[in-house]
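Here are my notes for anyone opening this one for the first time. Have a look at the picture, then go through the points in order.

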Amino acid sequence: MPAVKTPAPPNVGLPGTGGRGPHHKLPTGGGGDGEWSNQPPGSRGPRERLIRARVGLAVLMSTSVTLFATISIGYLWRKGQVVFDRTTHTYVSLWKPISIPPLLWWNTLLLVLSSLALELARREYFREDIVMDEWLGIARPTVRRALPWQFLSLLLAIGFLWGQIHAWGQLQSQGIFLGSGPSSQFYYFLTGLHGLHLFGGMLVLVWSMIATFAGLRVEARQITLDITAWYWHAITLVWFGLFALLEICK
């Protein structure tokens with residue numbers, strides 16, 4: 001007798017599907033199953049856009065870090081320069097060290113706390129239960145869970161920039177200005193350039209907060225906040241290096 005073919009059973013009872021087929025699960029937008037991971041090859045789903053955005057950020061930050069590293073090398077080279085003094089017949093340094101304002105320690109603490117607050121906001125945006133509520137239109141928990149951390153991070157960053165400007169004022173009250181010498185020139189330039197980088201990140205952070213109320217899709221807000229947070233962390237690490245350099249060479 002010919003073999004009898006038994007029809008394959010339908011896709012029921014598969015793990016994670018609740019007996020409704022493997023494609024029933026709604027996209028969560030949190031980096032897990034669904035739209036973030038089940039995209040066909042070559043598609044540009046949220047996961048692919050997130051990866052591309054992170055790669056772009058890495059390229060941008062490598063350029064910025066190279067810029068800061070080059071200036072720092074120039075800082076150390078200029079500090080080590082000496083000239084021959086015909087009076088004493090010895091080599092003397094033209095470098096006039098400046099006293100770093102103690103306020104920079106408090107500014108560093110503000111920047112670290114700002115980075116920590118933004119990381120907490122980023123983690124809230126990638127929690128499956130929170131994003132699922134937004135996908136289903138039940139509620140907008142990111143307004144309640146993530147927005148306060150974003151706002152706190154912005155306030156702390158403003159405090160950091162205000163502190164940096166106030167530190168400039170303290171130096172100027174001591175008669176140390178931009179043209180006072182190589183050490184002051186490097187100090188103003190390095191701290192000012194870092195402040196501009198942070199200010200750019202603050203603008204993006206403000207946009208991500210506005211987007212919360214502008215009806216932007218949740219995955220777009222996830223990507224924006226994720227990139228902003230990693231940028232923030234990188235700027236914080238750059239400041240650690242600059243602050244250490246200024247302390248060593250003061």
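1. Start with Tyr-187, which is buried because its relative accessibility is 1% (buried means under 20% relative accessible area, exposed over 50%, partly exposed in between, with a 1.4 Å probe and protein chains only). Tyr-188 counts as buried too, at 9% relative accessibility.

2. Across the whole structure, a search turns up six aromatic pairs. In the pair of Tyr-187 and Tyr-188, the ring centres are 5.8 Å apart and the planes sit at 80 degrees, so this is an edge-to-face pair. The rule is that rings of Phe, Tyr and Trp (its six-membered ring) pair if their centres lie within 6.5 Å, with planes under 30 degrees apart called stacked, over 60 edge-to-face and the rest tilted. One aromatic cluster is made up of Trp-105, Phe-160, Trp-239 and Phe-243.

3. Before you go further, a word on what you are looking at. This is a predicted model, where local features need pLDDT of at least 70 and side-chain atom pairs count only at pLDDT 80 or more, while totals for chains, interfaces and linings use all residues. Residues are numbered from 1 along each chain as its sequence is written, and side-chain values use heavy atoms, leaving out hydrogens and water.

4. How confident is the predictor? The chain has an average pLDDT of 80, and 75% of the residues score at least 70 (pLDDT is the predictor's confidence in each residue, from 0 to 100). Over residues 1-43 the pLDDT is below 50, though this stretch has 50 contacts in the model beyond near neighbours in sequence (a contact means heavy atoms within 4.5 Å). Where pLDDT is low, the predicted coordinates should not be read in detail.

5. Now the charges: the whole structure has seven salt bridges by the search (a side-chain nitrogen of Lys or Arg within 4 Å of a carboxyl oxygen of Asp or Glu). Arg-122 bridges to Glu-119, with the closest N and O atoms 3.0 Å apart. These two lie about one helical turn apart, because they are three residues apart in helix α2 (helices are DSSP runs of H or I, at least four residues, and strands are runs of E, at least two, numbered from the N terminus). Arg-122 is buried at 11% relative accessible area, and Glu-119 is buried at 11% relative accessibility.

6. Which residue in helix α7 does Arg-122 pair with? Arg-122 and Asp-226 meet in a salt bridge at 3.0 Å, N to O. That pair links distant parts of the chain, helix α2 and helix α7 (residues 218-248), 104 residues apart. Asp-226 counts as buried, at 0% relative accessibility.

7. Another salt bridge joins the side chains of Arg-217 and Glu-219 at 2.3 Å, N to O. Arg-217 is partly exposed at 48%, whereas Glu-219 is buried at 3%. Elsewhere, shared partners tie Arg-54, Glu-119, Arg-122, Arg-123 and Asp-226 into one salt-bridge network.

8. Take a look at Gly-163 as well, in helix α5 (residues 147-173). Gly-163 is buried, with 0% relative accessible area. Leaving aside residues up to four places away in sequence, Gly-163 touches Leu-103 and Asn-107. From Gly-163 to Asn-107 the C-alpha distance is 5.9 Å, although they are 56 residues apart in sequence.
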